[in-house]
Amino acid sequence: MRAVALTLLGTLVLAACGSGASGLDSLPGPDQTPGGTPIRIGADLDTSGPAAAYNQQVRDGIDLAIEVVNRRGGVLGRPLELVAKNSQSDPAKGPATYNALLEEGVVAAIGYVTVAVPPVKALIQERKLLTIAAASTTASMVDAPPSDYLYSILPTGQSYAEVFCGAFAKTGARRVALFHDNAPGVILLVDGYRQLFRSCLPDGFVVEESAPVDATDFAAPAARIADAKPDAVLTVSVGGSFQAQSETALAAALPDVQRFSIGAFDGQPDSWRVAGAGALDGLVAVRPVTTANPRTAELEATFRTVHGDDFTLAQTHVLGYDSVMLLADAITQAGTADDRDAVNTAFRRITSYQPHLGQSGFTLSFGADKHVGADGACGLVLAQFGPDNTLTGDWPTFQQPC
């Protein structure tokens, strides 16, 4: 349960607005897609369960990456092809989902929620299936045996604590209040944060309040937080109307207190409109994509070619895109798509890969003893909301150095 919940941090921090209709045939340049037997890449994508909205964004990223690779001539003179299955984010359905992918001859896979389930990890190990746990932010999930074929891209929970501790230090915050919803994944996530944040808050959070994820009245917890006289408030939530309304209450109760957010809220513009007028002004949220990174800006422009000018890039899109690019690189370096062990060995030789997320200096590297690809915490960016309840850009006060 803890592994699944921590994997769901990807669900908590990565959500964004929908991506619209597909138009991959609108990409510019010649189409050099090769013929021949396709190289199949598998993906466990929830299309009807709790992570469906996020998984559609991952799918959009995968689809775009495959189209880009194929139009450039494919891999080893063969086209890439996606084999997608739906586990509905149900741990009990994970093993059958991965078995179905293997039966269709995939050389590697991209996992989301159920990849954390022990039977799935055991199956990945037994069948030597190189798998990227796209949403994992816990090092132990990909480091703890059996994990010879399991890797992650995102910075870990330790990095989230490092970034926010830096922000607390920069603003002089020593008395930090914690507020969170009661979603099971959030509760387990907060359990980990209590320990991680002791590196900069040795006495812990000055006060901790929570509310049901479907709550609509936050006056009482906001008042109790105000009574503790914190100099900063950290909210951890699934976002949505919960955070929009709770931020409205916190802004009223603590108008001069700096507020921070870990969760999906940074990528939910529909929910921003639920907040009271100006209630989000000054709120700082962790946002792992920034157009200050030229690679990210270029990818967003490519997505807009496909999905229209209103498209907003989320990290979920980037995770799908970069996962495919990493796998294509490994297959190319292995010189074969028919030997899963050789592809895994080649994947471990990938170093200093420049992803389309995080700050421009952020890189990914892998190795036999390095299954968490993130090379540091600068894969995370802090963004600030303005008085019109929209993100105004990167927070100028502090960013984690690379």
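Select R40, E81, K85 and E104: a network of salt bridges links them. A salt bridge here is a side-chain nitrogen of Lys or Arg within 4 Å of a carboxyl oxygen of Asp or Glu. The model is predicted, so local features need pLDDT of at least 70 and side-chain atom pairs count only at pLDDT 80 or more, while totals for chains, interfaces and linings use all residues. Residues are numbered from 1 along each chain as its sequence is written, and side-chain values use heavy atoms, with hydrogens and water left out.

Zoom in on E81 and R40. Their closest N and O atoms are 2.7 Å apart. E81 sits in strand β2 (residues 80-85) and R40 in strand β1 (residues 39-44), 41 residues apart. Helices (H or I, at least four residues) and strands (E, at least two) are DSSP runs, numbered from the N terminus. E81 is partly exposed, at 27% relative accessible area. R40 is partly exposed too, at 29%. The classes are buried under 20% relative accessible area, exposed over 50%, and partly exposed in between (1.4 Å probe, protein chains only).

The structure holds 15 salt bridges. Next, pick R259 and E247, with closest N and O atoms 2.6 Å apart. R259 is in strand β9 and E247 in helix α10 (residues 240-253). Both R259 and E247 are buried.

Then select D266 and R287, a salt bridge with closest N and O atoms 3.1 Å apart. D266 lies in the loop between β9 and α11, and R287 in the loop between β10 and α12, so the pair ties together parts that are 21 residues apart in sequence. D266 and R287 are both buried.

Now show the sheet. It is open, with seven strands in the order β7-β6-β8-β9-β10-β11-β12 and mixed pairing. Two strands pair if DSSP finds at least two bridges between them. Which strands stand at the edges? They are β7 (207-211) and β12 (391-394); each has a single partner strand, so one side of each is left without a neighbour in the sheet. Neighbouring strands are turned by 25° against each other on average, direction ignored. Axes are lines fitted to C-alpha atoms, for helices over the stretch in contact, and angles run from 0 to 180 degrees between N-to-C directions.

Focus on β10 (residues 284-286) and β11 (residues 382-385): they run antiparallel, joined by three bridges. V284 stands opposite Q384 in β11.

Buried residues in α8 include V186, L189 and Y193.

Finish with the cysteines. There are two disulfides, each a pair of cysteine sulfur atoms within 2.5 Å. One joins C165 to C200, S to S 2.1 Å. Its S-S torsion is about -65°, so this disulfide is left-handed. C165 lies in helix α7 and C200 in the loop between α8 and β7. C165 is buried at 10% relative accessible area, whereas C200 is partly exposed at 27%.

The other joins C378 to C402. With 105° about the S-S bond, the link of C378 and C402 is right-handed. Is C378 buried or exposed? C378 is buried, at 3% relative accessibility. C402 is exposed, at 58%.
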